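Visitor: I am new to this structure and would like to learn how to read it. Please start with the core.

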Amino acid sequence: MSATDNEEEKKKEKDEVDELVEFLWDKRSDVRKEAATIVAGLTGTDDGLQTLTDKRETLISHLLHLLGKDPPESTPSAQALINLTGHSLEVVSLAVNKGAVERCIDFIKDGECAPVDLLLSLLANITKAEGGVHVLSQEGKPLEGFYIQRLVQLLVSGKPQETYAQAASVLCNVSRHPIGRKVILDRKGSIVNLVTPMLASTCDIRRERIAATIQNLCCDSESRKKLLALDSEETPIVKALLRPISGAKVNKELSDNVRRGCAGAILLLAKEAEGREIMKKLDAPVLLKQGYELEEESDVCDALEQTGDVFLKHGMVPDDMVPKDVSAEVIPEGEEGEEEELPP
């Protein structure tokens, strides 16, 4: 095939894609449904994703509009948007600017459009970008945090549970940013109180994302202090974090991601005097030693070793547990220097 023939073939393909995109706006629902189904299929291939990404300005607007239609149209549209936003940050930014966050929230509440699990998966993709987090958080607005509170309520009470599990992924993404941590920690502890028990959920996605969320909430000293202030008999945050990494034989935590998140959070909370005080009451040095002896995941082992060093420096380790070849200078409370913050 000659160069001219190649150019003509590419032009023909572009014309066909342009026509397909326009069909998404057709007056007839059966035409829109068929076009959305074809678009969703194209997003299942690398070449199709790239071709459609080039048409993103018009395409994303049409697909977002179809999210409000009946399931035969909205379902393939949501699937296409999930694949497109997972492929390109440019598409994510465009979708945010065109109101994707607000539309997802509205249609999740409506419950009669695209399936809720697809809308939550789309929100999870969108909130991987900072712009999506700021819109979802409603930063600086009178109802700041309202959308997030609504998602948490759905995560807690939505049935069936599997349908709403991706709300935990959205919460995890939000917690990576200062405004997200502010919203989660500043609503009188209600969000933390609701999600902490999910560390014992039977759903892997829930446990993994909530463990990561709590670790993210520990990434700066101010947030750690707020989180520790919420620890109580009703919501024993530190105790819940210790359980998966304490070598418990009953309901043993099999997910590396959960144990990694919990170990990372405990290490960061041990930097605070309030955290160490709670851990001492819970006999954390003994529990973590038991967990360490059974642990095989390298990142978890590393975090437990570093936590052990913190305990040792602050005189929290019982004498019979201190290695004979180790001699550590105990740091009096309040005299420790500035410690490097760990990223979420």
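Guide: In soluble globular proteins, nonpolar side chains tend to be buried together. Here the largest nonpolar core has 101 residues, and L67, L136, I210, L227, L241 and M279 touch the most other members. A nonpolar core is a set of buried Ala, Val, Leu, Ile, Met, Phe, Trp, Tyr and Cys residues joined through side-chain atoms within 4.5 Å. Buried means under 20% relative accessible area, exposed over 50%, and partly exposed in between, with a 1.4 Å probe and protein chains only.

Visitor: What kind of model is this, and how are residues numbered?

Guide: This is a predicted model, in which local features need pLDDT of at least 70, side-chain atom pairs count only at pLDDT 80 or more, and totals for chains, interfaces and linings use all residues. Residues are numbered from 1 along each chain as its sequence is written, and side-chain values use heavy atoms, with hydrogens and water left out.

Visitor: Which residues is L227 in contact with, leaving aside neighbours within four places in sequence?

Guide: Contact means heavy atoms within 4.5 Å. On that basis L227 is in contact with L185, V192, I214, L217, C218, I237 and L269.

Visitor: Which residues of helix α13 are buried?

Guide: Helices (H or I, at least four residues) are DSSP runs, numbered from the N terminus. In α13 (residues 178–186) the buried residues are I179, G180, R181, V183, I184 and L185. Their cover includes α9, α10, α12, α14, α15 and α16. After α13 comes K188, with a positive phi near 55 degrees.

Visitor: Is E297 buried or exposed?

Guide: E297 is buried, because its relative accessible area is 12%. E297 lies in the loop between α20 (284–294) and α21 (298–313). Its side chain makes a polar contact with the side chain of R260, at 3.0 Å. A polar contact is a pair of N or O atoms within 3.5 Å; within protein, one must be able to donate a hydrogen and the other to accept it, and residues adjacent in sequence count only if both atoms are side-chain atoms.

Visitor: Where is R32, and is R32 buried or exposed?

Guide: R32 sits in helix α2 (residues 29–42). R32 is buried, with a relative accessible area of 10%. Among the residues R32 touches, beyond those up to four places away in sequence, are W25, D26 and E73.

Visitor: How confident is the predictor?

Guide: pLDDT is the predictor's confidence in each residue, from 0 to 100. The protein chain averages a pLDDT of 90, and 90% of the residues score at least 70. Over residues 337–344 the pLDDT is below 50.

Notes:
Helices (H or I, at least four residues) and strands (E, at least two) are DSSP runs, numbered from the N terminus.
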